[in-house]
Amino acid sequence: MQLTRRNVLGLTAGAAAFAVAGARVTPALASAEDAEKMIMEFTGGVMPGEGKVSLNTPEIAENGNTVPVSVSVESAMEGDDLVESVIIFADGNPSPAVATFHFTEMSGEALATTRIRLAKTQNVIAVAKMKDGSVFMDKKQVKVTIGGCGG
Amino acid sequence: MASKPRIKVPKSASAGEVITIKTLISHEMESGQRKDKDGNPIPRKIINKFTCTFEGETVFECDLDPAISANPYFEFNAKVPASGTFVFTWLDDDGSVYEAEAPIEVK
């Protein structure tokens with residue numbers, strides 16, 4: 001390729017566009033990476049399996065300030081078949097951690113509902129740790145119309 | 001700061017029954033992400049832990065992060081082995097502790 005004026009201009013524009021796109025994507029990616037890191041920290045490096053956990057979120061949240069989220073885990077809640085804790089992440093929030101629920105045999109059922117803040121459209125992730133060490137996760141996308149971390 | 005928490009526990013249950021408990025407490029849950037009109041960050045002030053015990057035994061616990069909405073609401077289940085009292089505790093970042101109780105009778 002010859003180094004003509006047209007070529008040089010085209011290349012520069014392309015590079016600039018790439019740089020802008022890159023800069024815009026980085027914060028979201030950083031948070032998603034953080035979320036992944038925190039999941040691994042929570043599970044102790046075990047890759048979570050599918051199933052058992054079911055996360056219930058609205059498909060579209062008009063107000064990101066209060067998004068109802070409920071999570072339930074299939075378990076007898078007795079002996080070794082016990083859910084110890086469930087952690088909730090939102091991978092597009094300024095800080096991905098949302099809440100950690102701890103259950104005991106006295107809970108009867110591993111089920112919890114709360115209301116959370118979501119800054120923008122993103123994935124909500126629930127990871128459950130069982131007493132026998134196995135981990136399961138579920139992930140749901142929530143579309144947010146008005147973000148809930150105002151500033 | 002926080003007003004009296006609101007709690008919903010059935011008055012009675014049969015032995016071993018799993019009941020649903022709902023709790024709500026008024027709290028602004030200041031996330032630490034927001035800025036005031038001069039651009040200074042507003043310091044974080046949230047409830048960071050919620051626990052529910054039944055006659056001294058833990059039933060349910062939650063560690064809260066700033067992503068929990070203002071006026072934290074929880075709904076969870078509990079097994080009722082016998083008559084007794086549920087005790088609910090909320091811990092604030094500033095060290096305050098808010099407490100509430102609800103009795104239940106086994107028929």
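Contact, as the word is used in this report, means heavy atoms within 4.5 Å. Leaving aside neighbours within four places in sequence, B:Glu101 is in contact with B:Thr85, B:Phe86 and B:Val87.

The structure is a predicted model, in which local features need pLDDT of at least 70, side-chain atom pairs count only at pLDDT 80 or more, and totals for chains, interfaces and linings use all residues. Residues are numbered from 1 along each chain as its sequence is written, chains are lettered from A and ligands numbered from 1 in the order in which they are written, and side-chain values use heavy atoms, with hydrogens and water left out.

## The two chains

Helices (H or I, at least four residues) and strands (E, at least two) are DSSP runs, numbered from the N terminus. Chain A holds 1 helix and 8 strands, and from its N terminus the order of elements is α-β-β-β-β-β-β-β-β. Chain B has 0 helices and 8 strands, so that its elements read β-β-β-β-β-β-β-β by the definition of these runs.

A residue is called buried under 20% relative accessible area, exposed over 50%, and partly exposed in between, with a 1.4 Å probe and protein chains only. Accessible areas come from the Shrake-Rupley method with a 1.4 Å probe; for residues, only the protein chains shown count as cover. The table sets out the values for each chain.

| Chain | Residues and buried share | Accessible surface | Carbon and sulfur share of the surface |
|---|---|---|---|
| Chain A | 151 residues, 38% buried | about 8100 Å² | 56% |
| Chain B | 107 residues, 42% buried | about 5400 Å² | 47% |

In chain A, residues 24 or more positions apart account for 63% of the contacts with a separation of 6 or more. In chain B, 57% of the contacts between residues at least 6 apart in sequence join residues at least 24 apart.

Taken along the principal axes, the C-alpha atoms of chain B fill a box of roughly 60 × 20 × 20 Å. Chain B carries 13 positive and 17 negative side chains, and the centres of these two sets lie 7 Å apart. Here Lys and Arg count as positive and Asp and Glu as negative, while His and the chain ends are not counted. The place of each charge is taken as NZ of Lys, CZ of Arg, CG of Asp or CD of Glu.

## The interface

The size of an interface is often given as the accessible area lost when the parts come together. Buried area is accordingly the accessible area (1.4 Å probe) that two parts lose on being put together, summed over both. Chain A and chain B bury about 2400 Å² between them, with 51% of it on carbon and sulfur atoms. On the side of chain A, the residues that lose the most area to chain B are A:Met106, A:Arg115 and A:Arg117, together 30% of what that side buries.

Across this interface, 29 residues of chain A are in contact with 31 residues of chain B. The rule finds 0 salt bridges between the two chains, a salt bridge being a side-chain nitrogen of Lys or Arg within 4 Å of a carboxyl oxygen of Asp or Glu.

## Selected residues of chain A

A:Lys52, with a phi of about 65 degrees, lies in the loop between helix 1 (5–43) and strand 1. A:Lys52 is partly exposed, at a relative accessible area of 34%. A:Met77 has a phi near 55 degrees and is found in the loop between strand 3 (67–73) and strand 4 (83–90). A:Met77 counts as buried because its relative accessibility is 0%.

A:Thr57 belongs to the loop between strand 1 (53–56) and strand 2 (60–63). With a relative accessible area of 16%, A:Thr57 is buried. Its contacts, leaving aside neighbours within four places in sequence, are with A:Pro68, A:Val69, A:Val124, A:Lys140 and A:Val142.

A:Glu62 is placed in strand 2 of chain A and counts as exposed because its relative accessibility is 64%. Not counting residues up to four places away in sequence, A:Glu62 touches A:Thr145 and A:Ile146. The C-alpha atoms of A:Glu62 and A:Val144 are separated by 5.9 Å, although these residues stand 82 apart along the chain.

## B:Glu101 in chain B

B:Glu101 lies in strand 8 (residues 97–106) of chain B. B:Glu101 is exposed, with a relative accessible area of 60%. Between the C-alpha atoms of B:Glu101 and B:Ala15, which are 86 residues apart along the chain, the separation is 20 Å.
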